[in-house]
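Here is a short briefing for a first look at the structure below.

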Amino acid sequence: MALPVAEWQGRTARLWAALDPALRERLAAASLHDLVRLGCDLLREEEEEAALVRLCHQARTDKEPEAASCYREQGNGEFKRGHYQAALRLYSKAASHELPGSPEVSVCFANRSAALLHLGHFEVCLEDIARAESHGYPDRLLPKVLLRKAECLLCLGRLQDAQDILRVLESKIALDGVMTTHLTRLKKLSQLKVKLGEKERCPEPAQEARGDIEGEPEIWEENISVSGASSSLSLSFDAERGRHLVASQDIVAGQSLVKEEAFVSVLCPGESLPLQDGDTAWDTRATNADLYCHHCLRQLLASVPCQGCSYAKYCSQHCADKAWQQYHRTECSLGALLLTLGVFCHVALRTVLLAGFAEVSRLVTGSHRGDKNLQDPEARCKPLSEAPDAGAGSRGIPGCGSNGRYQSSYQALFHLLPHTEQHSPEHKFLCTLSVVAICKQLQAAGLEAAVLNQESPQQWSKPKACKKTSDDLSPELKTVAEAMLRHVLQLQCNAQAITVMQELGPGDGAVVDKKPVRLATAFFPVLSLLNHSCCPNTSVSFSGTAATVRASQPISRGQEVLHCYGPHWCRMRVAERQQLLSQYFFECRCQACLEELESGVKSVVSLRNSFCCPKCQAQMQGEEDTLCCSNEACATSASRDHLSGRLQDLQQQIKKALDLLRVRKADQAIKMLLKCQVDAGTFLSPEHLLMGEMEDHLAQVYATLGKWQEAARHLKKSIEIVEMHHGPSSVETGHELFKLAQILFNGFAVSEALSTIQRAEGILSVHFGPQSAQIQELQEMKACLSELPRNILQRT
C-alpha cells in the first residue's frame, strides 16, 4: 500500500478537521520547511504515538518463536504429503522467525534442504546444509544431512566430494554405539555407494551446448549528456512539456533507449491479513515479501532471513550484508512502523539513507536559499538548440550537474517536481505527520547517528537501545524530515512501479499462465524524464531493480519519446483516463485524447466493451440510465443498472469456475464456463474483452486435461479479441501468442507451433528484448522442434 493504513489516514483527517481554521490556512500555504516545523508541534506524543503502537501491532515484524514453530510444523505436514514447494516456503517463514543462534534455526535450514533436494535444486540444497551446520545443527542428527549432502554431490557429478562425505558418514555411524538408529541410513548409504561406483565406471557424457539459443548482444552507445540513455536521444526543455527526451535520429522498433538502475526501490509487501489482538493463527499465504529478495528484487528460492527482524528476506548473504550496510541497519527496528505508514514513506526514508546526510543537507539548504531550479524550473531552463553543445545547453536544466550531465543521482531525484502547491492541504498534512512520526521514532530509538552517517562500522551490528532524547526533533532530523516530505510528495507523480510477470496457480502445468503484478515502488530519475501519452511509443520492462525502455514502434528524428503512466487508450475511455491522470496535475493532450475529445466520436473501447440488445444482439446505446437498441426496427430498451448487475453476476460465476479449476475439478469448471459464455452472448458485444477472457480460461482448462487441440481453438478466439482491443503488435497479443505456442508445442502441432513461435518472438523481443526469459523459452521450443526428423516435420 503506497499510503498509510486507513486507520492512520482517518486519525490525521480528524486531527486536521479539529484544527483552528487560521492554522489550517497557514499549513495549506506553508513551505516544506515550515510544514515540518509545524508538524513537530502538532504530532501529540501521548495520543498519536499510542495510536501508532496499536496499529504497528497489526504488522508485526519481530522474531516470534511461536510463529516459527507453527510454520515448521505445517511445513512438515506439507513435506509428508509430497507438496515440496509449499513446504519450502513454510520452512523459509519459520527460519525468518527463529532467533539468531538458536538450534531451531539450524533445523529449519536442514528441513528446507530436504525440500530443495526433492525439487532438484542441488546447489541451493548444499547451501542450506552449510547454513544448518554453521548454525549448530545437532550432532546426533548430522548423519541425516550428510547423506543428503552426498546425494546432492552425486547428482551434481562431484564424485570425489561425494566419496569424501560418505567416508565421514561411515566413520560417524561406526562411532555411534546404537547402530539400530542408523539402519535406514546404512541402507541409504550402501545405495549411494553403488550409485557412486556406477558413475565412476560410466561417467555421463557432457551436455553439448545448444547453438543459436542466446540472442545477439545488443549494440549500445550511451548518451554523453544523460546517463543510462541511448545516444539516439537528446535532453530538452520547454515551458509546456518541462524536461523531456527527444529522438535525435530515427529509431527502429525494439531499440533500447534507456537502461537505468533504480536509485532506490522498496518491495511492496503484498496482501496479508492483519492479526487481531489475541489471535494465534499465523498467515501461511506467500506474499511478495516471501517471494522476492528485499534488496535486489530477484525471485527467492531459499531466503536468507534478516537476523534482527522477521520481515526482511534476501536471496543471498551478499544481498543481506549489502542491505544492512546501506539502509537496513536503520530500518530493521522500524519495520512495523514503515509497513503501517506505507511504501511511499518507506521509499522516502530509504532515499535519504542511500543519499547520505551530507548530500541531503546540501540540497535542502540550497532550496532554502531560493534556488530557482527548485522553485521555478523555467527560470533557468532553455532548449538545447540554443546552446553551442549538448553539455553546455543542459547545465540550466534542473538535476544536471555542473558539467551539464543529467545522471541517475540524488541531485537529479531531488529536482523532480514535488508539486507542493497542487497537493491538497489534507494530503500534505497526512504526509507531514507520517514523516515526522518516523523521524521521532528514529530519534527515540537512538538511530540518529546512523541516519546522519556518524556511526562506525563496528557499531552496525549492535542492537539499538530504545532511549528517549527529547520531544522535539534535532535540527539535523528536521532536515531529514523535510527531504522525506519532499520525496513523499514527489512520488505521487514520479513513482515508478516495478512489475514482474507472475505465475497464476501452482505453476506446475505444461502451459504457464502469467499476469503482470506490481512488485516494488522505485525512483528512476532518468526514466522520470519521459512524459506521458495514452498512445506511447515505448515499452518499459524490468529485471530486478533495473528498468529498460524500448521503442515499441518506429520513432522519427525530432519526435518526443513517450511513456504511458497507466491509462492507455486501448483500455479505457478518455473521461476515465483524464480522471486517473488528474493525480499527476496535468491535462493529457496526447493524440489519442485530442482525437476522442475533439471529434465527439464514441471511443473504440466503448464500442467494443458495450452491451448488446437481448433480442436482436445489436449494440445498446445511450448516456442515461436507460439504454436503447441501436436497431431502429427493434427499439428494445433496458436499464443500465440491470445490465451492469448481470455483468457483475457473470464475473462472479467466472471466478467460481476458476476456483474449481484450482482444486482440480476441470470438468465442472468447463461446464460452468460454457454456461457463462451462453449467458454473456445474450447481453454482451461479441468483441467484449470478457468474451476473450472466457475463451482464455477455457483454453487453460482444456490444457490442464491435455486436450491441446481444444485448448488451441479457444485461445485463438481469445487472441482475435485481444488483437481487436490492443493491436496485433501489442504486448498483450505477444503474451497470448506465447501461451498458444506452448499449447501447440505440447500438442505436437509442429508447423503451426513454429509459425506461432516466430510471430510471438517478433512481438515480445520488441517489448522485452532478445534476452528475456520468454524469448529464451520460445527459442528452446523452436530448437527442440527443429531437431525432429524431417519426415515428421513434413507430416505436421
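A salt bridge is a side-chain nitrogen of Lys or Arg within 4 Å of a carboxyl oxygen of Asp or Glu. The model is predicted: local features need pLDDT of at least 70, side-chain atom pairs count only at pLDDT 80 or more, and totals for chains, interfaces and linings use all residues. Residues are numbered from 1 along each chain as its sequence is written, and side-chain values use heavy atoms, with hydrogens and water left out.

**Salt bridges**

- Side chains of opposite charge can pair when their charged atoms come close.
- The whole structure holds 27 salt bridges.
- E127 and R131 form one of them, at 3.8 Å from N to O.
- Both residues sit in helix α8 (residues 122-134), 4 residues apart, so about one helical turn separates them. Helices here are DSSP runs of H or I with at least four residues, strands are runs of E with at least two, and both are numbered from the N terminus.
- R131 is buried, at 15% relative accessible area, whereas E127 is partly exposed at 42%. Buried means under 20% relative accessible area, exposed means over 50%, and partly exposed lies in between (1.4 Å probe, protein chains only).
- E64 and R60 also meet in a salt bridge, at 3.2 Å from N to O.
- In that pair, E64 is buried at 17%, and R60 is partly exposed at 26%.
- K655 and D659 make another salt bridge, at 3.7 Å from N to O.
- Helix α26 (residues 640-662) carries both K655 and D659, 4 residues apart, so about one helical turn lies between them.
- K655 is partly exposed at 46%, and D659 is partly exposed at 31%.
- Through shared partners, salt bridges link R112, E127, D128 and R131 into one network.

**Annotated region**

- An unreviewed UniProt entry lists residues 640-667 as "coiled-coil region". UniProt positions follow the numbering used here, feature names are shortened, and annotations may be inferred rather than shown by experiment.
- In the model, residues 640-667 are 89% helix and 0% strand, with end C-alpha atoms 34 Å apart.

**Cysteines**

- The disulfide count is 0, where a disulfide is a pair of cysteine sulfur atoms within 2.5 Å.
- C293 is in no disulfide, and its nearest cysteine sulfur, that of C296, is 3.6 Å away.
- C293 is buried, at 0% relative accessibility.
- C616 is partly exposed, at 31% relative accessibility.

**Cavities**

- The model has 4 cavities of 30 Å³ or more. On a 1 Å grid over the protein atoms alone, a cavity is a set of points where a 1.4 Å probe fits but cannot get out, and lining residues have an atom within 4 Å of a point.
- The largest cavity has about 160 Å³ of space. Grid points are joined across faces, edges and corners, and a volume is the space filled by probe spheres set on the points.
- The largest cavity is lined by 16 residues, and Y311, H328, E331, H346 and R350 are the closest to its centre.
- β4 (264-267), α13 (317-331), α14 (335-341) and α15 (343-355) each give two or more residues to this lining.
- α13 gives the largest share, 3 residues.
- The lining of the largest cavity has 8 nonpolar, 6 polar and 2 charged residues. Nonpolar covers Ala, Val, Leu, Ile, Met, Phe, Trp, Tyr, Cys and Pro, charged covers Asp, Glu, Lys and Arg, and the others, Gly among them, count as polar.

Terms used
On a 1 Å grid over the protein atoms alone, a cavity is a set of points where a 1.4 Å probe fits but cannot get out, and a pocket is an open set with protein on both sides within 12 Å along at least five of seven lines; lining residues have an atom within 4 Å of a point.
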